[in-house]
Amino acid sequence: TCSSVAVNDALVAQAVALATEHSVITSEILQKRLSIKYPRALNLYATLLEQGWIDDAGNWTRRANGRAA
């Protein structure tokens, strides 16, 4: 992954914090709320999916809701 679309733990934590505001997350929401470019938002969305924070439909899982609470 090139550095322009890299996702770090701090960015994942910021995204997970959005679970308290949005019941469903999209790459567009990530882009706007975190002020990141679209390719990075797509990569972040994929990371959230791979790590089990969201399901295939973008719904936050219990893992995210438990951590965000």
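Predicted model: local features only at pLDDT ≥ 70, side-chain atom pairs only at ≥ 80, totals over all residues.
Let's start with helix α2, residues 27-34. Which residues of α2 are buried? They are S27, L30 and L34. Look at the spacing of those numbers. An α-helix has 3.6 residues a turn, so residues three or four places apart point the same way. Now look down the axis of α2. Its buried residues fall within an arc of 60°, so they line one face of the helix.

What covers that face? The cover of the buried residues includes α1, residues 9-17, and α3.

Take α3 first. This helix spans residues 38-50. It packs against α2 at an angle of about 120°, and the two axes are 8 Å apart. The pair α2 and α3 is therefore oblique. Their crossing is right-handed.

Who meets whom here? On the α2 side we have S27, E28, L30, Q31 and L34. On the α3 side we have Y38, A41, L42, L44, Y45 and L48. Sort the residues of this contact by class, and you get eight nonpolar, two polar and one charged.

Zoom in on S27, which sits in α2. Is S27 buried or exposed? Its relative accessibility is 8%, and the cut-off for buried is under 20%, so S27 counts as buried. Leaving out residues up to four places away in sequence, S27 touches Y38, A41, L42 and Y45. Find those four in the α3 side of the contact: Y38, A41, L42 and Y45 are among the residues there.

Before we leave α2, check what comes just after it. There, S35 takes a positive phi of about 55°.

Now the other pair, α1 and α3. Their axes come within 11 Å and cross at roughly 80°. These two helices are therefore roughly perpendicular to each other. From α1, the contact uses L11, V12, A15 and V16. From α3, it uses R40, L44, T47 and L48. By class, that contact has six nonpolar residues, one polar and one charged.

Pick out T47 in α3. Why does T47 count as buried? Its relative accessibility is 13%, and buried means under 20%, so T47 qualifies. Which residues does T47 touch, not counting those up to four places away in sequence? The answer is V7 and V12.

How values were computed
Residues numbered from 1 in each chain as written. Heavy atoms only, no water. Axes fitted to C-alpha atoms, helices over the stretch in contact; angles between N-to-C directions. Parallel < 35°, antiparallel > 145°, perpendicular 65-115°, else oblique. Left-handed = near helix turned anticlockwise from the far one by under 90°. Contact = heavy atoms within 4.5 Å. Nonpolar A, V, L, I, M, F, W, Y, C, P; charged D, E, K, R; others polar. Buried < 20%, exposed > 50% of the residue type's maximum accessible area, 1.4 Å probe, protein only. Arc of directions from axis to C-beta.
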